[in-house]
Amino acid sequence: MRRTVYNEDHEAFRETIRAFIEAEVVPVYDQWLEAGQAPRDFYYKLGELGVFGIEVPEEYGGAGEESFKFHAVISEECARAGVSFGGSGVHTGLCLPYVMAYATDEQKKRWLPGFASGEIMFAIAMTEPGTGSDLAGMKTSAKLSADGTHYVLNGAKTFITGGVHADRVIVCARTAPPSPEDRRAGISLFVVDTKSEGYTVGRKLDKLGLKTSDTAELAFADVKVPVEDLLGEEGKGFSYLGQNLPQERLGIAVGAYAQAAAAIRFAQLYVQDRTVFGQTVASFQNTKFELAACKAEVDAAEAVVDRALEAHDLGELNAADAASAKLFCTEVAARVIDRCLQLHGGYGYMNEYPIARLYADNRVNRIYGGTSEVMKSIIAKSMGL
């Protein structure tokens, strides 16, 4: 079926992104995989291309677009080529909404031009060792100094994508202890300069997949954060975090759908070329049935994604709808990618084949942004259960 979710501008952007990937990413991607991260200068190229400034207002050097569909195009094209843009998705998809929603005009003037150009890379630090999805249980603290000029930040964070290359990190920290009535109270957001004394990047974590995104542990030892770098109001951090979750989960749903579609493409190319018992693997009925079944599932995921993208652009994508899209698309992707890997036989287990990397990369989709079990709880709650 013909997709109607994208217009001519989106498709022209797709052509630009596809050409950029072929010229700037595919030839060097094996080097990125070996290094365990994309090089820092690659982000300057994304800035020059305009990727980071799509939703940044024009007065700060961006394009001023409000549609999330441009980011969806990037996800689809990266998956199609079997590559990624490193940790840059966090920079645009997760961090920018917080800056746009809660930063003051003065803060936007300081941060957004560099954000758009790639000179100031952002990451966000929520998860802590031992807390996982329980953000209300965070221990990292930020205490206001006696003279009121700065906060003193202490604690640790883990699983921070983009944490190695980041120039600024949105850190969630306690500025007040939780109350018995509300464990979520007392959390604030700070845009921390990674060059600050006492700020330390620990291990670059060795992940199962997403090998080109730099994911790290962070530590804060008496880091002085100027009061001018508090994001939004003190104590409202937890409510702020909840506001961006629908878009975050939509982004994961789009990525999962795109990976599943790419898996079919990789499998189809492989089975049409691979010969066994004197005939192509594609000629066997089992192959045809498996790929047909996968195609039907991906068609359904595409419909879910497209409907969610439209709802998001209209400001109508609520938490339950986003959870439903994420749950469905990530579960579909897991099944489809597994079946497409199976059609590759032993070669599907080799990292030199994109299907193997896709299999590893896809697994985290059912964990980050809220596990599948959390998504089910959200959906059930919306049903009055």
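**Contacts through a predicted helical model**

The side chains of Glu76 and Arg14 meet in a salt bridge, with 3.0 Å from N to O. A salt bridge here is a side-chain nitrogen of Lys or Arg within 4 Å of a carboxyl oxygen of Asp or Glu. This pair links distant parts of the chain: Glu76 sits in helix α4, Arg14 in helix α1, 62 residues apart. Helices (H or I, at least four residues) and strands (E, at least two) are DSSP runs, numbered from the N terminus. Both Glu76 and Arg14 are buried. Buried means under 20% relative accessible area, exposed over 50%, and partly exposed in between (1.4 Å probe, protein chains only).

This is a predicted model, in which local features need pLDDT of at least 70 and side-chain atom pairs count only at pLDDT 80 or more, while totals for chains, interfaces and linings use all residues. Residues are numbered from 1 along each chain as its sequence is written, and side-chain values use heavy atoms, with hydrogens and water left out.

The Glu76 and Arg14 residues also belong to a network of salt bridges, whose members include Arg3, Glu11, Glu302 and Asp306. The whole structure holds 22 salt bridges. Another one joins Arg335 to Glu297, with the closest N and O atoms 2.6 Å apart. Arg335 lies in helix α10 and Glu297 in helix α9 (residues 285–313), 38 residues apart. Glu297 is buried at 18% relative accessible area. Arg335 is partly exposed at 38%. Glu297 has a further partner: its side chain meets that of Arg339 in a salt bridge of 3.5 Å, N to O. Since Glu297 lies in helix α9 and Arg339 in helix α10, this pair ties together parts that are 42 residues apart in sequence. Arg339 is partly exposed, at 24%.

Now the aromatic rings. Rings of Phe, Tyr and Trp (its six-membered ring) pair if their centres lie within 6.5 Å; planes under 30 degrees apart count as stacked, over 60 as edge-to-face and the rest as tilted. By this rule the count is 16 aromatic pairs. Phe13 and Phe70 have ring centres 5.4 Å apart and planes at 80°, so they pair edge-to-face. Phe13 is in helix α1 (residues 8–25) and Phe70 in helix α4 (residues 69–81), 57 residues apart. Phe13 is buried at 14% relative accessibility, and Phe70 is buried at 9%. Phe20 and Phe85 are also edge-to-face, at 6.1 Å centre to centre and 90° between the planes. Phe20 lies in helix α1 and Phe85 in the loop between α4 and α5, so the pair ties together parts 65 residues apart in sequence. Phe20 is buried at 10%, and Phe85 at 5%. Ring pairs link both into a cluster with Tyr29, Trp32, Phe42, Tyr43 and Phe52.

Follow the chain into helix α5. Twelve of its 15 residues are buried, so α5 is largely enclosed by the rest of the structure. Among the buried residues are Ser88, His91, Cys95, Pro97 and Tyr102. A kink of about 45° lies at Cys95, shortly before the proline Pro97. The bend at a residue is the angle between axes fitted to the seven residues ending there and the seven starting there.

Leu269 is found in helix α8 (residues 245–273), and is partly exposed at 49% relative accessible area. Met350 lies in the loop between α10 (319–343) and α11 (354–362), and is partly exposed at 36%.
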